[in-house]
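The following exercises are to be worked through with the sequence and the structure at hand. Each task is followed by a solution in steps.

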Amino acid sequence: MNRRSIILGCGSYLPDQIVTNDELSKRVDTTDEWIVARTGIRQRHIAPPEQMTSDLALKAAERALEHAGVAASEVDILILATTTPDQTFPATATKVQSRLGMTNGAAFDLQAVCSGFIYALSVGDNFIKARQAKTVVVIGAETFSRILDWEDRGTCVLFGDGAGAVVLRSASADDLEAEPGETGHNRGRGILSTHLHSDGATNDLLYVDGGPSSTGTVGHVRMNGREVFRHAVTNLAGIVGETLEANGLTSDDIDWLVPHQANKRILDSTAKKLGMPSDRVVVTVDRHANTSAASIPLALDEAVKDGRIKRGDLVLMEAMGGGLTWGAGLVRW
Ligand code: ACO
């Protein structure tokens, strides 16, 4: 039997401190009106200096394991998507591994900026399909506030900190039973497909102006906002179309769109191109801002825990980020 990954559980964590647009306007030359109109963002959570990416990731992973009813000792692979590791090395994932009490298997970081969660989900899914793992924890966690230039109003208003995680388990025969009305190769629960792309020719649209091998400093986020916006609208429409086509589906079949939360206008544009009504799009950008690799699992966790996403629902996730990288994943919950 071909293997498939089921998402058994999810969890998330946000730092306590909330920073509103009005508070930011005391720091840089901006206004709540400007930020809300251009991005839909009203507030973001910011981690205190003593709280690191590993702390956020650990809490999200613990909550996901508890929700899944899985012990850390059962985990074979832990993948942490992050752009803001605690240190250049070791991988932040290995710190989370040890603090979770996961004693076997392997843990590693993955870097695809805002597409990191989709990339990590795809890698975890492929470990399961290749029968190299039965249980995988996929985390997206960021302390993005640490790499912001707090004097650049064009970027510092856009991002926040947070973490989200899912637990993948190799499917049992029961999981792959068709729900009533399902036919075709993609019936049953689990990750139906993932799709990844990158284009390094667009590196200079969104990057950090530092790094261990270049400047020896951590650096700050630099962005050509207009161009990133333009590419996001095109690339996300493309990846969504590719995913639907690969599964023989149309947007009418999708119950929930869980997009990377960069900007409300990008979300609206993708939903409009798909012809999806806004009440089937999960939106957290207003409260979380852009938490990079953490944004999709944070949004997913919210919609699962408040009962919007239910067993059997078709959930489409998509993201674009620095690289540029972009990707999508389709899951039957
Ligand atoms: N407050 C007030 N004014 C501002 C601010 C701010 N926070 N930021 C920029 N401005 C000003 C600019 O200085 C400029 O002023 P000027 O005309 O006097 O020079 C004016 O607003 C327009 O600037 P633009 O950058 O052209 O504004 P735009 O309409 O493109 O909006 C924004 C900027 C919101 C960044 C938009 O381009 C965008 O959302 N791009 C996508 C970027 C993104 O989401 N990146 C996240 C990472 S990638 C991803 O996750 C998909």
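## Exercise 1: The ligand and its surroundings

In this predicted model, the side chain of His260 has an N or O atom 2.8 Å from an oxygen atom of the ligand.

**Task.** Determine how many residues surround the ligand and which are the closest.

**Solution.** 
Step 1. Count the neighbours: the ligand is surrounded by 21 residues.
Step 2. Name the closest: these are Thr30, Arg38, Arg226, His260 and Asn263.
Step 3. Examine single atom pairs. An N or O atom in the side chain of Thr30 lies 2.6 Å from a nitrogen atom of the ligand. For Arg226, a polar side-chain atom is 2.7 Å from an oxygen atom of the ligand.
Step 4. Apply the cut-off of 3.5 Å for a polar contact between N or O atoms. The distance for Thr30 is 2.6 Å, that for Arg226 is 2.7 Å, and that for His260 is 2.8 Å.

## Exercise 2: The two domains

**Task.** State into which domains the chain is divided, and describe what lies between domain 1 and domain 2.

**Solution.** 
Step 1. Locate the domains: domain 1 covers residues 5-170, and domain 2 covers residues 189-332.
Step 2. Consider the separation: 15 Å lies between the C-alpha centres of domain 1 and domain 2.
Step 3. Consider the contacts: 52 residues of domain 1 touch 50 residues of domain 2.
Step 4. Consider the area: about 3900 Å² is buried between domain 1 and domain 2, and 65% of this is on carbon and sulfur atoms. On the side of domain 1, Cys114, Ile118 and Tyr119 lose the most area to domain 2, together 16% of what that side buries.
Step 5. Consider the polar part: 20 residue pairs are in polar contact across the interface of domain 1 and domain 2. Several elements of domain 1 give two or more residues to the side that touches domain 2, among them strand E1 (5-13), helix H5 (116-129) and strand E7 (161-170). The residues of that side comprise 25 nonpolar, 19 polar and eight charged.

## Exercise 3: Salt bridges

**Task.** Find how many salt bridges the whole structure holds and how many are counted between domain 1 and domain 2.

**Solution.** 
Step 1. Give the counts: the whole structure has 14 salt bridges, and one salt bridge is counted between domain 1 and domain 2.
Step 2. Inspect two pairs. Asp149 and Arg222 form a salt bridge through their side chains, at 3.0 Å from N to O. In the salt bridge of Arg169 with Glu74, the closest N and O atoms are 2.7 Å apart.

## Exercise 4: Backbone exceptions

**Task.** Is the peptide bond from Phe89 to Pro90 cis or trans?

**Solution.** 
Step 1. Read omega: the bond from Phe89 to Pro90 is cis, with omega near 0 degrees. Pro90 belongs to the loop between E4 and helix H4 (92-100).
Step 2. Read phi elsewhere: Ala289, although not a glycine, has a positive phi of about 60 degrees. Ala289 is in the loop between helix H9 (285-288) and helix H10 (295-305).

Technical notes. Residues are numbered from 1 along each chain as its sequence is written. This is a predicted model: local features need pLDDT of at least 70, side-chain atom pairs count only at pLDDT 80 or more; totals for chains, interfaces and linings use all residues. Side-chain values use heavy atoms; hydrogens and water are left out. Domain bounds come from an automatic or database domain assignment. Contact means heavy atoms within 4.5 Å. Buried area is the accessible area (1.4 Å probe) that two parts lose on being put together, summed over both. A salt bridge is a side-chain nitrogen of Lys or Arg within 4 Å of a carboxyl oxygen of Asp or Glu. A polar contact is a pair of N or O atoms within 3.5 Å; within protein, one must be able to donate a hydrogen and the other to accept it, and residues adjacent in sequence count only if both atoms are side-chain atoms. Helices (H or I, at least four residues) and strands (E, at least two) are DSSP runs, numbered from the N terminus. Ala, Val, Leu, Ile, Met, Phe, Trp, Tyr, Cys and Pro count as nonpolar, Asp, Glu, Lys and Arg as charged, and the others, Gly among them, as polar. A residue is near a molecule or strand if one of its heavy atoms lies within 4 Å of it.
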